[in-house]
Each structure stands twice: as C-alpha cells, then as structure tokens.
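The sequence and the structure are shown first.

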Amino acid sequence: MDKINQTLVSEFLLLDLSGYPKIEIIYFVLILVMYLVILIDNGVLIIASIFDSHLHTPMYFFLGNLSFLDICYTSSSVPSTMASLISKKRNISFSGCAVQMLFGFAMGSTECLLLGMMAFDRYLAICNPLRPIIMSKMVYELMACVSWLSGGINSIVQTSLAMQLPFCGNTIINNFTREILTVLKLACADISLNSITMGISNMVYLVLPLLDFFSYMFILYTILRMNSGTGRCKGFSTCSAHLTVVTIFYGTICFVYAKPKSQGLPGEDKWQTLDKLISLFYGVVTPMLTPIIYSLRNKDVKAAVKYLLNRKPIQ
C-alpha cells in the first residue's frame, strides 16, 4: 500500500477575492465601515448597560454580553481579512489559523447559548409573575458564565481535534474565514472522530432554536390572552427586537451552511465567489445590526445613551 506523503504544514493559503482587484478595494471599504460601526454601536451599548442603573436588568445584562461577544467575534477575523485584502498577503500561519478557528467557533457557540438564555428571560418576563424571584442577579450571571464556558470548551475540543490532523498537498483555503469545516476538507486522514464530535455538538446546539421557538409560542399565547390593548403592544414591543435578532442569526446560518453547494454548477467560480462574500457578510452584518435593532425602538437605551452623552466630566 502506498503511503501518503504527509508533510508538516506551517501555513495555509487564502484565495479570498484574488483575481478581482476592483472588488477587493470596494469590499475593503465596506468591511472597514461596518467594522467601525460594530465597534462604536456595541461599545456604546456596553457602556450604557454598565453605567445606567435603569439598564441593570437581566435583558440588558445579556445584551451587554452579546455586544461584547460581537466585538470579540469580528475582531478575531475582520482585521486580518482587511489586511489580506490591502496587502495582497494571502498566507496565514498554522497557529494563526488555529487561533482564528478557536475564537470564531467559541463566539458562535456562545452566541447560540446567549440567545437561548435571552429567550428564556423574555418568557419569564411575560408569562411568569415570579420572574423577579427566579431570575435573580446570581442566576442570570451564572447563566452567562455557563454560556461562555460551554462555548469555549466546545471550541477547544473541536479545534484541537481538527489541528491534530495531518495536512498534505492542498493547503488552500478557498474562503475569507478560517472555519473548521473548511480546514477539515484539507486533511489527508480519516476525520470520522471529527465528524462524530461535530455532529454531537450540532445536535446540542440545534436544541436552542427549539427553545427560542417554544418560548415565543408561549409568549405569543400569553400576549394574545391579554385584555389590554396597551399590554399587548408592550408585550410585542418587548420581544420583537430579540425575535428579529434570532431570526437573522439562525436564518443566515441556515443560508450559509444548509444551502446547496455550488460544485458542478455552471459558472462555478462566480458561485464560489458569491459564497465567500455572503460568508463574510454573515460574520459582519449580524453583529452590526444587533445593537441597532435593540436600540431602534427602545426608549430605555435611547434615554441611557442620551444621558451618557450629556453627562458632564468630573473636574
């Protein structure tokens, strides 16, 4: 039996938008603008949730965590992507790829959990009168810690298993992002263990959209039973922002990962380029929209931001 020629890989080559120089310039400007908006919007939301006592509630605590997560997630990949676009440097070191995969997977897993926790909090706020007792400060802080810890452990396990594989021959990553599934395709060894652990992980995290779904089924049922029209409007307003964010988050995930692959289709190169653009936008647009959606119709957030802007510095 011929032995596979396995070599120690020190770096990967990124194709991103090579071959489309005009698109690269336009894309660099778009990503830069959106990244700055992400930093400013999420940063303001974090500061407001910390310094305004009116926002010291479970919902805004989770929202502050979500904003911090979005900053970390985009900062783990967007700066290097922009550097690649403007410097034409297409290679990334093996360790650099591992770090980006680790952070990206951890942030994605943690966001799934945080959105589920927020849906549960909205359910208690509307459907359970004992919510102030159940959702104490210690409880929601513990829920956030569990989300971060679980996401981190899941990412460490998946990334460690992926980077222990031998890579030989083709080390070209035909994408902007350094995702685990993309890297696994480059391995020249059996990835059955990776597939099993990834499948178990996906099954666990697929329960979370169901938690969101059933939470909002109960919320909708409770709101429709309210006698007061004002109460119904307030209930819908309370949950509409979170429901919009959940829909965008899981909708884009399904579009990116569940859509049919472009291999074998006419104009395959164009389809692959479109896939890469959509994949990168998925990692930038959602974090940019989240704070805008939550603050657009939220009087508490608007009042907190206005108070902070008008606050006089201590002499």
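Among the contacts in the chain with a separation of 6 or more, what percentage is accounted for by residues 24 or more positions apart? In this predicted model, such residues account for 79% of those contacts.

**Overall build**

The chain has 11 helices and three strands, which, read along the sequence, follow the pattern β-α-α-α-β-α-α-α-β-α-α-α-α-α. Of the 315 residues in the chain, 43% are buried, and the chain exposes about 17,400 Å², of which carbon and sulfur atoms supply 70%.

In soluble globular proteins, nonpolar side chains tend to be buried together. The largest nonpolar core here holds 34 residues, and the members that touch the most others are Phe-62, Leu-115 and Tyr-250. At least two residues of this core come from each of H1, H2, H4, H6, H8, H9, H10 and H11, with H4 giving the largest share, nine residues. Leu-115, when residues up to four places away in sequence are not counted, touches Leu-66, Asp-212, His-242, Val-245, Val-246, Phe-249 and Tyr-250.

| Core | Number of residues | Some members |
|---|---|---|
| Largest nonpolar core | 34 residues | Phe-62, Leu-115, Tyr-250 |

**Helix H6**

Helix H6 covers residues 137–163, and because its 27 residues at 1.5 Å a residue should span 39 Å, the 39 Å between its end C-alpha atoms agrees with expectation. The buried residues of H6 are Tyr-140, Met-143, Ala-144, Ser-147, Gly-151, Asn-154, Ser-155, Gln-158, Thr-159, Leu-161, Ala-162 and Met-163. An α-helix has 3.6 residues a turn, so residues three or four places apart point the same way.

**Asp-52 in its loop**

Where is Asp-52 found? Asp-52 lies in the loop between helix H1 (21–51) and helix H2 (58–75). Is Asp-52 buried or exposed? With a relative accessible area of 8%, Asp-52 falls under the 20% cut-off and is therefore buried. The side chain of Asp-52 reaches the backbone nitrogen of His-54 at 2.8 Å, and, once neighbours within four places in sequence are left aside, Asp-52 is in contact with Ala-304 and Tyr-307.

Conventions
Residues numbered from 1 in each chain as written. Predicted model: local features only at pLDDT ≥ 70, side-chain atom pairs only at ≥ 80, totals over all residues. Heavy atoms only, no water. Helix = DSSP H or I, 4+ residues; strand = E, 2+ residues; numbered from the N terminus. Buried < 20%, exposed > 50% of the residue type's maximum accessible area, 1.4 Å probe, protein only. Polar contact = N/O pair within 3.5 Å; in protein donor to acceptor, adjacent residues only side chain to side chain. Contact = heavy atoms within 4.5 Å. Expected span 1.5 Å × (residues − 1). Core = buried A, V, L, I, M, F, W, Y, C linked by side-chain atoms within 4.5 Å. Areas by Shrake-Rupley, 256 points an atom, 1.4 Å probe, with all protein chains shown as cover.
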